[in-house]
Each structure stands twice: as structure tokens, then as C-alpha cells.
Amino acid sequence: MPEDPASPEHPGRPPRPGGWAAGAGAPVVAQIAFVLPPAAAAEFPAGARAALDALAEARGFRSGRLARALDAPESWLLTTEWDGPGPWRRALSSFEVRRTLTPLLAHAVDAPGAFEVLSAVGPAAGTFRSDRAVDADTAAPRRP
């Protein structure tokens, strides 16, 4: 697999083999699980579609889906795929995303929501290097 060129956004970052997009780090899959009370079930699909449409306008958006559990109709999943963690985080700060997604979050399940893709098969096949810092689990801001 050819190496990615250094990214203009990260001029000091060395090229890395097997990357999804130059300088973007590993691709990201973001998901939000929802559990809806019966009173919210009728309006939720339209609201979630509006949020998905707003996310789709963001740079670095790859794809998105709204799914409903087959055996638990109150459970829903909003899944999006991104070029990397940066585009996903920037998308969340968009006014339109905040306007459409925030009301839905009242029904969100508190769980991890963003995942680095480290290996993939199919059209976007590859093995990707993690973009997490080596000390991500132990590092903390220094105190004076």
C-alpha cells in the first residue's frame, strides 16, 4: 500500500503507511444509542434524520445510518463514519448539528461513542495506525 503524503494540516507529521486520508489518523466510527419512551417514538425518526443530514454536511463525513433494534423497538442507533477524529469533533460544533442533535440526546444511552477503525475489509480495506497518544490513559495537564 502506498504511503500517504504529510498533511498540510500537520506539516510535522511523518507519512504513514495504510492511512485512510493524509494526516487524518485512523478513520472513526461514531455511534449514539438511544432508548425511547413510547411518547417519543413517533417523532424520533424525523429528528434523527435531520441530525444525520446536518452531520452529512460536515467535511470528513463518510456515511451515516439510523437503525432500530429488531427485537427491542425502543432501541435505536445513529452511526456515522468519518475520515478521522478531527472531522468528527469539528462536526459536533456545527450550529446545525447542535440544533438538531441536542434535543435527541435526552434519550441517549451513556456509553463510549467514538471508535478508531484499526482494521477494515471491503471497499475501504486496510490496517490503520492508532492516532491515540502513547500516554493517553495516563497523561494529565501539568500543575504549576
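Q: Which strand gives the most to the lining of the second largest pocket?
A: This is a predicted model: local features need pLDDT of at least 70, side-chain atom pairs count only at pLDDT 80 or more, and totals for chains, interfaces and linings use all residues. Residues are numbered from 1 along each chain as its sequence is written, and side-chain values use heavy atoms, without hydrogens or water. A pocket is an open set of points on a 1 Å grid where a 1.4 Å probe fits, with protein on both sides within 12 Å along at least five of seven lines; lining residues have an atom within 4 Å of a point. Three lining residues come from the top contributor, strand 1.

Q: What volume does the second largest pocket have?
A: Its lining includes Ala 30, Ile 32, Thr 80 and Trp 88. Strand 1 (28-35), strand 3 (75-82) and helix 3 (85-92) each give two or more residues. Helices (H or I, at least four residues) and strands (E, at least two) are DSSP runs. The space filled by probe spheres set on the points comes to about 170 Å³.

Q: How many charged residues are in the lining of the second largest pocket?
A: Asp, Glu, Lys and Arg count as charged. The lining has eight nonpolar and three polar residues. Its number of charged residues is none.

Q: Which residue in strand 4 is the bridge partner of Ala 30?
A: Two strands pair if DSSP finds at least two bridges between them. Strand 1 joins strand 3 through eight bridges, antiparallel, and there Ala 30 stands opposite Thr 80. Strand 1 also pairs with strand 4 (residues 114-116), antiparallel, over three bridges. In strand 4, the partner of Ala 30 is Ala 114.

Q: How many residues lie between strand 2 and strand 3 in their hairpin?
A: Strand 2 (residues 61-68) runs antiparallel to strand 3, over seven bridges. One of these pairs Ala 67 with Leu 77. Between the two strands, the number of residues is six.

Q: Which residues do ring pairs link into a cluster?
A: Rings of Phe, Tyr and Trp (its six-membered ring) pair if their centres lie within 6.5 Å. The structure holds three aromatic pairs. The linked residues are Phe 34, Phe 44 and Trp 76.

How values were computed: Phe/Tyr/Trp six-rings, centres within 6.5 Å; stacked < 30°, edge-to-face > 60°.
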